[in-house]
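Trainee: Before we go through this model, could you explain the reasoning behind the terms as we meet them?
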Amino acid sequence: SLQQHVPKGLKSPPGPRGYPILGNVLELRKDPHLALTRLSQKYGDIMEIRIGTRPVLVLSGLETIRQALVKQGEDFMGRPDLYSFRHITDGQSLAFSPDSGEVWKARRKLAQNALKTFATTPSPTSSSTCLLEEHVSKEAEYLVAKFLQLMNEVKSFDPYRYVVVSVANVICAICFGKRYDHNNQELLNIVNVTEQFNDVAVSGNPADFIPVLQYFPSRAMTLFKDFNKRFIHFLQKIVKEHYETFDKNNIRDITDSLIEQCMEKKVEANGATQIPKEKIVNLVNDLFGAGFDTVTTALSWSLMYLVTYPHIQKKIQEELDKTIGQERRPRLSDRGMLPYTEAFILEMFRHSSFVPFTIPHSMIRDTVLNGYHIPKDRCVFVNQWQVNHDEKLWKDPLTFKPERFLNAEGTEVNKVDGEKVLLFGLGKRRCIGEHIARWQIFLFLSTLLQQLEFSVCDGKKVDMTPTYGLAMKHKRCEHFQVKQRFPMKSMN
Ligand code: HEM
């Protein structure tokens with residue numbers, strides 16, 4: 001990277017000096033979100049670090065990030081061409097590939113429409129409000145039964161293993177019209193090892209920035225490539241089955257609807273560039289991939305907080321009892337009437353900040369941000385963890401306290417405070433599954449907590465230390481227990 005020409009009157013962002021050749025890579029080694037938060041306190045919301053010899057812009061502070069990703073969104077919407085990203089969906093991923101032009105835009109719209117049609121439009125066949133509600137209700141009910149069965153048989157268990165299959169089944173139903181058994185080895189081989197993906201596809205992976213590292217054998221990189229191969233193979237098989245049984249008069253799921261788009265209409269990006277066929281159907285890779293691990297991680301963190309703060313769990317259950325009772329199950333339409341539950345979810349998002357950085361961005365063109373010159377192609381990290389723990393925005397940011405989002409009477413969530421929590425990105429690259437994710441987390445949690453009380457075995461403590469990654473995980477815990485809350489009452 002040569003010295004950039006900085007136009008007159010402008011300056012380059014400040015930042016730590018770093019070592020020759022390595023840059024700041026040693027400072028980022030363990031917990032980059034914490035290291036970069038500390039550095040931002042010294043250098044400010046707009047700083048430049050170096051990973052190897054490559055400069056990287058690091059953004060912190062909610063107002064600065066809004067200015068960049070929303071107000072100057074067109075400038076900041078690119079994705080860097082990173083070594084590890086080339087292995088995701090054969091380099092064709094909507095989320096990770098460097099494309100941010102007309103083809104990306106048209107694909108993003110297709111994916112958004114597909115999600116809308118197969119998740120949130122009213123269900124034609126059941127009494128549920130929408131397909132998402134139908135699938136989540138069914139899977140959550142299955143989880144309740146499974147947890148009670150495990151209690152009978154083995155007295156304690158690791159909930160993650162079961163939650164991940166249930167969440168995967170929801171997105172599988174939407175994408176593939178398919179449900180998997182909790183013991184399906186092929187599915188488990190993918191959903192249970194997402195750390196093989198998360199460890200590498202993360203902001204600040206040295207091999208992405210120091211090319212010579214790509215020539216050293218790395219166990220993480222081998223696992224990552226294998227994971228992506230297995231993942232593509234798994235999905236290709238399902239897509240093939242769909243092609244073989246495709247019937248244009250019976251569009252069963254997102255895969256069918258994408259196949260239909262390929263066959264019938266010519267899906268055109270602006271300027272009449274057609275989207276290549278294979279870039280339509282493989283959108284299910286992005287939807288499935290982004291859809292299960294994040295929501296599973298959110299639910300798993302939720303369970304960890306619930307057993308760590310039993311009085312908070314009790315308050316959610318009191319709210320559920322008061323508002324819904326025991327005569328019926330929670331529904332999506334109850335969400336607005338359960339402010340404490342909503343506040344808990346927001347606080348879980350904020351406190352865990354389990355997606356500490358967005359996917360890296362890259363500059364489409366030269367721009368000026370708050371007086372600093374930012375050149376075209378500069379790679380950009382957006383520190384969501386910093387925003388969610390910023391003392392300028394939050395009182396006692398390290399304390400877990402759902403009440404911080406409620407008004408004094410506890411009857412309403414403060415909308416402005418809720419929107420200060422940054423976990424889904426902002427602007428042109430903002431997560432397209434955000435609404436679906438929030439609805440799912442709400443309905444899974446409320447259904448589980450209406451019926452079950454979660455705890456850990458006497459004398460056991462859960463370890464909430466996150467492991468850095470694209471989505472940060474806690475250590476698995478095998479000591480979960482549940483108690484049925486209303487054992488006398490049988491429900492239909
Ligand atoms: C992108 C977070 C669930 C689909 C993103 C980004 C974040 C994020 C931080 C990157 C934003 C950026 O680069 O600025 C989350 C979280 C979730 C979640 C925290 C759950 C709690 C989902 C679900 C789906 C989904 C359920 C789909 C079913 C996507 C896609 C992108 C994306 C396709 C790429 C968008 C693009 O690059 O244009 N998400 N997500 N996400 N998400 Fe999500």
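Mentor: Let us begin with a definition: two strands pair if DSSP finds at least two bridges between them. Please keep in mind throughout that this is a predicted model.

Trainee: Why are strand 1 and strand 3 said to stand at the edges?

Mentor: The open sheet has four strands in the order 1-2-6-3, with mixed pairing. Strand 1 (46–51) and strand 3 (361–362) each have a single partner strand, so one side of each is left without a neighbour in the sheet.

Trainee: What makes helix 5 roughly antiparallel to helix 6?

Mentor: The axes of helix 5 (residues 131–154) and helix 6 (residues 160–176) cross at roughly 160° and come within 10 Å. Angles over 145 degrees count as roughly antiparallel, and therefore helix 5 is described in that way relative to helix 6. The crossing is right-handed, and the residues in contact include Leu 132 and Tyr 142 of helix 5 and Val 163 and Ile 174 of helix 6; by class, the contact has 11 nonpolar, three polar and two charged residues.

Trainee: Why is Arg 430 called partly exposed?

Mentor: Its relative accessibility is 32%, and because buried means under 20% and exposed over 50%, Arg 430 counts as partly exposed. Arg 430 is placed in the loop between helix 17 (415–418) and helix 18 (434–451).

Terms used:
Residues are numbered from 1 along each chain as its sequence is written. This is a predicted model: local features need pLDDT of at least 70, side-chain atom pairs count only at pLDDT 80 or more; totals for chains, interfaces and linings use all residues. Side-chain values use heavy atoms; hydrogens and water are left out. Helices (H or I, at least four residues) and strands (E, at least two) are DSSP runs, numbered from the N terminus. Buried means under 20% relative accessible area, exposed over 50%, partly exposed in between (1.4 Å probe, protein chains only). Axes are lines fitted to C-alpha atoms, for helices over the stretch in contact, and angles run from 0 to 180 degrees between N-to-C directions. Angles under 35 degrees count as roughly parallel, over 145 as roughly antiparallel, 65 to 115 as roughly perpendicular and the rest as oblique. A crossing is left-handed if the near helix is turned anticlockwise from the far one by less than a right angle, and right-handed if clockwise. Contact means heavy atoms within 4.5 Å. Ala, Val, Leu, Ile, Met, Phe, Trp, Tyr, Cys and Pro count as nonpolar, Asp, Glu, Lys and Arg as charged, and the others, Gly among them, as polar.
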